[in-house]
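Got your viewer open and your selection tool ready? Here is a short tour, stop by stop.

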Amino acid sequence: RMMKSKMSCPIDIDRLNAPLLEIYESLIPAEEEKAKQKQLLTLLEKIVSKEWPNAKLFLYGSCANSFGVSKSDIDVCLAIEDEGIDKSEVLLKLAELLQSDNLQNVQALTRARVPIVKLMDPVTGISCDICINNLLAVTNTKLLHDYSKIDVRLHQLALIVKHWAKSRGVNETYQGTLSSYAYVLMCINFLQQRTPAILPCLQGLEATYKVTVDDIECAYFDQVDILVGFGAPNKEGIAQLVWAFFNYWAYCHDYANSVISVRTGRILSKHNKDLTRRVGNGRHLICIEDPFDTSHNLGRVVDGNSIRVLREEFERAAHIMQFDPNPCISLFEPY
Ligand code: GTP
Ligand code: MG
């Protein structure tokens, strides 16, 4: 495959700031949607507490990490005493309770990689996935949320990238493309890499938050209020960042040798990392390290075919940001 040379940023890129920000604003969910999510969570808490009085429910994923767009599903984690429980039994029991409380489309997927119960609430119209004891996801949700409070450009970039990925059909893990979680990690790492940096590396600072989850120690600096303004010396606007993000993934990233690492705020060399312990396709055509579960490569779903699709989409986006007279339309054109 031919490596195209790195482009330089179009001098009039800032003309795209306003239209990109307009798209960004349109993606942010309305307050009433938040209220409906709360309402559904309260209902679920009521149902769950009757059967498991000591259980707790946590929101995770995009409804809690701040990177949700309007009309997203919500992800809920049921935290329940581990000793002697059978996850499938709990899920089936939960499905039964939900069904008798008039929730719709209730389905227990006990054999999925992450077993869940799916449901739709006819009152709020919100769909929801409930998993059990997936507290690592709750913890990385908090990490992403904390990063989002430091510099608004992360929120802008990540919502635009997610919108692009959904429009272009490259946000489908079952088809070998990347999860929303992977894209947000790519955005965080990208902003850690700017000069001057727009985001710090929270796991590289003195830990003010520490939990041990599934034998993994999760620790980082979470007093992010005092980091607001960290990125201020960097004056890049959203258009320039969107351009640079796609340019990086189209022409600059060393797919064969590099690992994106939010944990270190760097790009690591694959040779120094053992990402092969987890089963996957074994090839690791793109490597994105999970910030806490460091043996977990979010790019493990990518195969020989989907890496080509992904890279063509990065190149298409970079080309549009460079040359298209109307990039804000072309970029998000349905595939
Ligand atoms: P949308 O639903 O697309 O808006 O995004 P989301 O942020 O909810 O992301 P997604 O549904 O991809 O993932 C939900 C959460 O699962 C993430 O925020 C992570 O906390 C957690 N997670 C942990 N490991 C993985 C993984 O390997 N793949 C995915 N998809 N999620 C993971
Ligand atoms: Mg989700």
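Select A207: setting aside neighbours within four places in sequence, A207 is in contact with A219, Y220 and F221 (contact means C-beta atoms, placed from the backbone, within 7 Å). Before you click further, note that this is a predicted model, where local features need pLDDT of at least 70, side-chain atom pairs count only at pLDDT 80 or more, and totals for chains, interfaces and linings use all residues. Residues are numbered from 1 along each chain as its sequence is written, while chains are lettered from A and ligands numbered from 1 in the order in which they are written.

A207 sits in the loop between α6 and β6; helices (H or I, at least four residues) and strands (E, at least two) are DSSP runs, numbered from the N terminus. For a sense of scale, draw a C-alpha to C-alpha line from A207 to P325: 47 Å in space, 118 residues in sequence.

Now pick β6 (residues 209-213) and β7 (residues 216-220), antiparallel strands joined by five bridges (strands pair if DSSP finds at least two bridges between them). V213 has I216 of β7 as its bridge partner. Two residues lie between the strands of this hairpin, and D214 in the turn has a positive phi of about 50°.

**Stop two: the two domains**

Colour domain 1 (13-27 + 150-330) and domain 2 (31-136) separately; the bounds come from an automatic or database domain assignment. Their centres, over C-alpha atoms, are 28 Å apart. Across the boundary, 13 residues of domain 1 are in contact with seven of domain 2. On the domain 1 side, α5 (152-167) and α6 each give two or more residues, and α5 gives the most, with five.

**Stop three: ligand 1**

Where does ligand 1 lie? Domain 1 and domain 2 both give residues to its shell, so ligand 1 lies between them. Of the 16 residues around ligand 1, show G61, S62, A137, S179 and S180, which come nearest (a residue is near if its C-beta atom, placed from the backbone, lies within 6 Å). α4 gives the most, with three residues.

How values were computed
Two residues are in contact if their C-beta atoms, placed from the backbone, lie within 7 Å.
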